[in-house]
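Have the model open while you read.

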Amino acid sequence: MRRTVFNEDHEAFRETVRAFIEAEVVPVYDEWFAAGQAPRDFYYKLGELGIFGINVPEEFGGAGLDTHKFEAVLYEETSRAGVQFGGSGVHVLLALPYIKMLATEDQKKRYLPKFVTGEEMWALAMTEPGTGSDVAGMKTTAKLSEDGTHYVLNGAKTFITGGVHADRVIVCARTSAPSAEDRRFGISLFAVDTKSEGYSIGRKLDKLGLKTSDTAELAFVDVKVPVEDLLGEEGKGFSYLGHNLASERWGIAFGAYAQAAAAIRFAQQYVQERTVFGKPVASFQNTKFELAACQAEVDAAQAVADRALEALDAGELTPAEAASAKLFCTEVAHRVIDRCLQLHGGYGYMNEYPIARLYADNRVNRIYGGTSEIMKSIIAKSMGL
Ligand SMILES: Cc1cc2nc3c(=O)[nH]c(=O)nc-3n(C[C@H](O)[C@H](O)[C@H](O)COP(=O)(O)OP(=O)(O)OC[C@H]3O[C@@H](n4cnc5c(N)ncnc54)[C@H](O)[C@@H]3O)c2cc1C
């Protein structure tokens, strides 16, 4: 089927990104993998390449676009090469929508120029040790000082992607206790400067996959956050999160589809090279059937991911549609990558083969940004169930 989401600008961008990955990422990727993170300097290179500024208005140094199609190309190209750009995905996919939607002109002037260059990397901190799926259950507090100049932040967050390198973190905290009628009431968002006194980074977490992204625990002890760094209106945080989670979930859906497509490519190449019982693995009917079945699933996932992309760009992707795309694409990717790994035999289990890394990287897609079970709850609710 003819694909209609990308035009010549996206394809030109694809060429640039592909060459960048070959030159700047592939040769050093094993070092990043062993170190458990991409080096901080790499993010300046992404800034120079213009990746962070695509959707930032021109007056703040960006390209002034408003589309997720270039991000989509990035997902396809990083997956194709079997690499990740460290924890930088959250900078654009998670943090930028909040800045664009909520920041005042003064905040945009302070935040965006450094955002575009990679001088200031951003992350988003919702999850806490005691609560993930149940966002309204968060315990981190931000209390307005008596003189009204700052909030005092106390609490802890965990699993924060980009948490080691981040210069600013959008922290979700309670500015007032939940009301009896509405547990979601009283959450606010703050753009916290990570150099603030009382802000500390705990463990860099050792993960099953996504080895080059820095995932950290964060702690806040009497951190003074100037009122000028409150994002949006006090107490409305939950509705902002609800609004922006749709784009995050699209990103995970599209990334998962791209990983599944890459898995087929890796497997197809491997089965042609590997000989067993005097024949290439590719020659067995089982191999052909497995790959054909995987391709059919990936074709369907691509159609869903592309359609969700168009809806997102048009501002029409509903929370339930985003949940549905995430559920479908991540479950497809899970099945496809597992089957493609199986075709590699024991080599598929070795980290030196991209399929092994892909298998580990992909696993979290059914968990973060909301688990598959939470996606089903959202879809069921939209069906009136
Ligand atoms: C690698 C990684 C990176 C992450 N990055 C970030 C980040 O940058 N920022 C951030 O804020 N968070 C981040 N997270 C957190 C992630 O979003 C949460 O892990 C996720 O939302 C699940 O929350 P939890 O881990 O507390 O699981 P829990 O909420 O404890 O869930 C445990 C199990 O219970 C199930 N469950 C929960 N509620 C229901 C229900 N109502 N009905 C049925 N089943 C239910 C879940 O589906 C799951 O199977 C990251 C996580 C990982 C692993």
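Is Asp 167 buried or exposed? At 18% relative accessibility, Asp 167 falls in the buried class, where buried means under 20% relative accessible area, exposed means over 50%, and partly exposed is in between (1.4 Å probe, protein chains only). Bear in mind that this is a predicted model, so local features need pLDDT of at least 70 and side-chain atom pairs count only at pLDDT 80 or more, while totals for chains, interfaces and linings use all residues. Residues are numbered from 1 along each chain as its sequence is written, and side-chain values use heavy atoms, with hydrogens and water left out.

- Asp 167 sits in the loop between β3 (150–161) and β4 (168–174); helices (H or I, at least four residues) and strands (E, at least two) are DSSP runs, numbered from the N terminus.
- The side chain of Asp 167 reaches the backbone nitrogen of Met 121 at 2.7 Å.
- Setting aside neighbours within four places in sequence, Asp 167 is in contact (heavy atoms within 4.5 Å) with Arg 40, Glu 119, Glu 120, Met 121, Val 192, Asp 193 and Thr 194.
- Glu 120, one of those partners, belongs to the loop between α6 and β1 (122–125).
- With a relative accessible area of 11%, Glu 120 is buried too.
- Glu 120 has its own contacts, again leaving out neighbours within four places in sequence: Arg 40, His 91, Lys 114, Phe 115, Asp 167 and Arg 168.

**Helices α5 and α6**

- The axes of α5 (residues 89–102) and α6 (residues 105–117) come within 10 Å and cross at roughly 155°; axes are lines fitted to C-alpha atoms, for helices over the stretch in contact, and angles run from 0 to 180 degrees between N-to-C directions.
- That angle makes α5 roughly antiparallel to α6 (over 145 degrees).
- α5 passes α6 in a left-handed crossing, meaning the near helix is turned anticlockwise from the far one by less than a right angle, whereas clockwise would be right-handed.
- From α5, His 91, Val 92, Leu 96, Ile 99, Lys 100 and Leu 102 meet Gln 107, Lys 108, Tyr 111, Leu 112 and Phe 115 of α6.
- Sorted by class, this contact has 7 nonpolar, 2 polar and 2 charged residues; Ala, Val, Leu, Ile, Met, Phe, Trp, Tyr, Cys and Pro count as nonpolar, Asp, Glu, Lys and Arg as charged, and the others, Gly among them, as polar.

**Helices α4 and α7**

- α4 (residues 69–81) and α7 (residues 237–273) have axes that come within 8 Å and cross at roughly 35°.
- The crossing of α4 past α7 is right-handed.
- Residues of α4 in this pairing include Tyr 75 and Arg 80, and those of α7 include Trp 250, Phe 254 and Phe 266.
- The α4 contact with α7 has 9 nonpolar, 4 polar and 4 charged residues.

- Most residues other than glycine have a negative phi.
- Asp 222, in strand β7 (residues 215–226), has a positive phi near 50°.
- Phe 277 isn't a glycine either, yet its phi is positive at about 50°.
- Phe 277 lies in the loop between β9 (275–276) and β10 (279–280) and is exposed, with a relative accessible area of 81%.
- Ala 314, in the loop between α8 (285–313) and α9 (319–342), is partly exposed at 46%.

Terms used. Polar contact = N/O pair within 3.5 Å; in protein donor to acceptor, adjacent residues only side chain to side chain. Parallel < 35°, antiparallel > 145°, perpendicular 65-115°, else oblique.
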